Amino acid sequence: MHLLLLFFLLRRLAESAITGPKAMSSLEGGSLTVQCRYSPGWETHVKWWCRGAAWGSCKFVVKTTEAEKEVKKDRACIRDNWKNRTITVTMEKLRLSDADTYWCGIERFGTDYGVQVKVTIDPAPVSLEETSGSSAVTSPGSNSGGVFLKVSILLPLISAVLLLLLMVASLVVWRMVKQQKKGASAPGGHQLCKPEPAAD
């Protein structure tokens with residue numbers, strides 16, 4: 001019973017030592033910035049960002065080395081602002097596979113303090129250029145809603161024009177065939193049968 005109470009007290013202390021958003025989301029190819037705040041007294045401690053739902057086996061992505069110095073590792077960077085007591089983590093060039101549970105934490109003697117952040121990455125919207133065979137993709141900050149609106153209007157319009165052209169072409173071909181048949185059977189036109197030899 002006492003151990004359970006001690007566990008809850010330690011957990012509550014850890015939660016008050018560092019806070020952050022419960023969940024964040026961004027678009028594939030874009031970036032994501034997470035800010036975590038910590039209590040006074042933890043300024044000089046190393047701060048970190050790690051990946052993995054299980055607290056004990058979470059893998060460090062990036063760690064601070066000193067105040068105000070941005071530390072970059074692969075596509076992630078971290079900065080510790082001692083004055084505001086904020087840890088800022090930025091992940092760049094996001095991939096769908098970056099979606100996971102992460103932790104914003106403070107290194108200390110014993111068990112570190114940390115707060116869990118669920119990160120979701122949504123697929124980047126496909127632009128009109130990409131549907132026509134180009135490899136261009138709309139940027140995460142662009143007005144992708146406008147592109148989808150244009151595509152939803154243009155595709156039916158193009159389809160209707162192509163259908164109309166097909167119908168006109170079919171009508172022209174049908175009339176040409178009909179005129180050829182009519183011309184072949186008309187008097188003075190091409191003869192369909194060989195003439196019979198004249199009787200003597």
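Biologist: Why is Glu70 called partly exposed?

Modeller: The relative accessible area of Glu70 is 41%. Buried means under 20%, exposed means over 50%, and partly exposed is what lies in between (1.4 Å probe, protein chains only). Glu70 at 41% therefore counts as partly exposed. The model is predicted, so local features need pLDDT of at least 70 and side-chain atom pairs pLDDT 80 or more, whereas totals for chains, interfaces and linings use all residues. Residues are numbered from 1 along each chain as its sequence is written, and side-chain values use heavy atoms, with hydrogens and water left out.

Biologist: What makes the contact between Arg79 and Glu70 a salt bridge?

Modeller: The term requires a side-chain nitrogen of Lys or Arg within 4 Å of a carboxyl oxygen of Asp or Glu. For Arg79 and Glu70 the N to O distance is 3.6 Å, so the pair qualifies. Arg79 is partly exposed as well, at 32% relative accessibility. Over the whole structure, six salt bridges are found.

Biologist: How do you know that Lys72 forms a salt bridge with Glu92, and which parts does the pair tie together?

Modeller: The closest N and O atoms of Lys72 and Glu92 are 2.8 Å apart, and that value meets the cut-off. Lys72 belongs to strand 6 (residues 71–73), while Glu92 is in the loop between strand 8 and strand 9, so the pair ties together parts that are 20 residues apart in sequence. Here helices (H or I, at least four residues) and strands (E, at least two) are DSSP runs, numbered from the N terminus. Lys72 has a relative accessible area of 47% and Glu92 one of 30%, so each is partly exposed.

Biologist: Is Asp98 buried or exposed?

Modeller: Asp98 has 5% relative accessibility and therefore counts as buried. Its salt-bridge partner is Arg75, with the closest N and O atoms 2.8 Å apart. Arg75 sits in the loop between strand 6 and strand 7 and Asp98 in the loop between strand 8 and strand 9, so this bridge ties together parts that are 23 residues apart in sequence. At 22%, Arg75 is classed as partly exposed.

Biologist: What makes strand 4 mostly covered?

Modeller: Four of the five residues of strand 4 are buried. Across the 200 residues of the protein chain, 26% count as buried.

Biologist: Which strands are called edge strands, and what makes them so?

Modeller: The open sheet has five strands in the order 2-10-9-4-5, with mixed pairing. Strand 2 (23–27) and strand 5 (59–63) each pair on one side only, and they are the edge strands. Neighbouring strands are turned by 30 degrees against each other on average, direction ignored; the axes are lines fitted to C-alpha atoms, for helices over the stretch in contact, and angles run from 0 to 180 degrees between N-to-C directions.

Biologist: Which residues have the most contacts inside the largest nonpolar core?

Modeller: They are Ile18, Cys36, Trp49, Ile87, Met91, Cys104 and Val119, in a core of 24 residues. Strand 10 gives the most to this core, with five residues. Such a core is a set of buried Ala, Val, Leu, Ile, Met, Phe, Trp, Tyr and Cys residues joined through side-chain atoms within 4.5 Å.

Biologist: Which residues make the nonpolar surface patch of about 490 Å²?

Modeller: Leu157, Ile158, Val161, Leu162 and Leu165 make this patch. Patch residues need over 30% relative accessible area and no salt bridge; like charges are joined within 9 Å, nonpolar side chains (Val, Leu, Ile, Met, Phe, Trp, Tyr) within 5 Å. Areas come from the Shrake-Rupley method with a 1.4 Å probe, and for residues only the protein chains shown count as cover. Ile158, in helix 3 (residues 144–185), has 49% relative accessibility and so counts as partly exposed.

Conventions. Pairing = 2+ DSSP bridges.
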